[in-house]
Amino acid sequence: MAWWSLLDRARASGFLCAHKRGFIYEQKFGLVNVKLKWVKDRALDVVVAGERDLKATCTLVSIISSNPHGGFPIYRLSRHRGQLSLPHDIRLATFIRRFPNIFDEFHVLDSGGTRVPWFRLTPEARNLHQEELNALQENEMDILNRLMKLLMLTCDRILPLQTIDQLKWDLGLPYDYCDSLLPCYPELFSMVSLPDNRAGLKLRAWDDRLAVSQLEKDAPLNQKEEDVRNGCLAFPIGFTRGFGLKRKCMKWLEEWQRLPYTSPYSDASHLDSRTDVSEKRIVGVFHELLHLTLQKKTERKNVSNLRKPLSCPQKFTKVFERHPGIFYISKKCDTQTVVLREAYDRQQLLHKHGLVEIRERFARMMENGFLDKSRGLYKRSGINGLEVDPSRNSYDDQLADAEFKFESESDCNLLSEYDSDETMHRPC
């Protein structure tokens, strides 16, 4: 059926609000076949690319700080490579040596007399990591609520630990949340064994106060009173500059926005997955999920295995392509990252969590350390790896704003004789 015919009949039946007649009509007819093109958003691409190695660096900081002796040999750190999502063609030791102001390298002789590179945190990195731990403690209830709401989005309030691990960086969970956070709240969480023998996390208690989506919270300020009363909430929309939206697509989008909104925390088993109403519910689920993340973005692969827990149909992530005014898919850093458009004003996150500010300080440390090393501020020491060359001066302030140039870096003069990280495991 042609899209305009469907819309004309929809108007006649009054299905643009939450009346029963319109709801049944929309359940009867299928998805409108509209395709919107992908257009590059340079500002959001910069946001994604600027954090290219931030997650890996902060994860390594957490791992190294967990050792009471203050350091790990490279072969021990290599066991965690799968958690870092580093490119396959980069050695872990090479990556760590890019940031000598964060990771201090020293050597220890093994039983065969080979100099084994070890890495520990610099005093500056230790201090910033301690601030991060303090921020986690201060925001513990907020982080806890994010985890609870994530589990409340699922059918059975259960998720595999592997799935939560993929999202823990985005949610702001501590690196060792299974040991440091969950045991403190046995009344809320329990570990369960899933049918496939994987470990899972179950939310023991439903909290009605948390079962309100961000769109519903913002509705009194951003939505028309009539739409709020009828339950026809619209999503904030914004397109890349120069995005040419055809009249046909614009008309469909206007009608789609007026469809009934289904809370992501409510039972949606009655919805027909082949309808626009069901699609709007899926959009609402991921709109809420991205709002649960600290920086309102996550890699697409992190949500690709949530189909069954979230009661979504096959190919559910296609909503990201069908709604480029709500979501932006960045293809930077050899992956696809889904960004919530409304959360950003060009490159600026509108509402910054305290942990985000600390991560930004880590990012600045990485940039400064990389620039300092590339300009020769750090020189090779015969005993302790790298040390600051006092004969060098600090660089011009303008270098602080320079972009990372990792692709063009050469680390040949810094490669260790020890090749324990030569064999790499594929990243998860």
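These are numbered comments on the predicted model shown above.

1. Ground rules. Residues are numbered from 1 along each chain as its sequence is written.

2. Confidence. pLDDT is the predictor's confidence in each residue, from 0 to 100. The protein averages 83, and 80% of the residues score at least 70. Among the elements, helix 8 (residues 140-152) has the highest mean pLDDT, 98. Helix 1 (residues 3-13) has the lowest, 40. Two stretches call for care. Over residues 1-29 pLDDT stays under 50, and the model has 54 contacts beyond four places in sequence for them. Over residues 387-428 it also stays under 50, with 89 such contacts. Contact here means heavy atoms within 4.5 Å.

3. Overall build. The protein has 16 helices and 13 strands. These are DSSP runs numbered from the N terminus: helices are H or I with at least four residues, strands E with at least two. Of the 428 residues, 52% are buried. Buried means under 20% relative accessible area, exposed over 50%, and partly exposed in between (1.4 Å probe, protein chains only). Among contacts with a separation of 6 or more, 69% join residues 24 or more positions apart. The accessible surface is about 22,000 Å², and carbon and sulfur atoms hold 49% of it. That area comes from the Shrake-Rupley method with a 1.4 Å probe.

4. Nonpolar core. The largest core has 104 residues. A core is a set of buried Ala, Val, Leu, Ile, Met, Phe, Trp, Tyr and Cys residues joined through side-chain atoms within 4.5 Å. Leu77, Ile96, Phe103, Phe189, Phe286 and Phe327 touch the most other members. Beyond its neighbours within four places in sequence, Leu77 contacts Leu60, Ile63, Ile64, Phe72, Leu92, Ile96 and Phe119.

5. Glu105. This residue sits in strand 2 (residues 103-109). Its relative accessibility is 2%, so Glu105 counts as buried. Its side chain makes a polar contact of 2.9 Å with the side chain of Arg97. The side chain of Glu105 also makes a polar contact with that of His107, at 3.2 Å. A polar contact is a pair of N or O atoms within 3.5 Å; within protein, one must be able to donate a hydrogen and the other to accept it, and residues adjacent in sequence count only if both atoms are side-chain atoms.

6. Aromatic pairs. The structure holds 9. Rings of Phe, Tyr and Trp (its six-membered ring) pair if their centres lie within 6.5 Å; planes under 30 degrees apart count as stacked, over 60 as edge-to-face and the rest as tilted. Phe95 and Phe99 pair edge-to-face, 5.4 Å centre to centre with 80° between the planes. Both are buried. The rings of Phe106 and Trp118 are 6.0 Å apart at their centres with planes at 35°, so this pair is tilted. Phe106 is in strand 2 and Trp118 in strand 3 (residues 115-121), so the pair ties together parts 12 residues apart in sequence. Phe106 is buried at 14% relative accessibility, whereas Trp118 is partly exposed at 24%. Elsewhere, ring pairs link Phe235, Trp252, Trp256 and Tyr261 into a cluster.

7. Arg204. This residue lies in the loop between strand 6 (199-203) and helix 11 (214-222). The side chain of Arg204 reaches the backbone oxygen of Pro186 at 3.4 Å. The two residues are 18 apart in sequence and 8.7 Å apart, C-alpha to C-alpha.

Technical notes
Heavy atoms only, no water.
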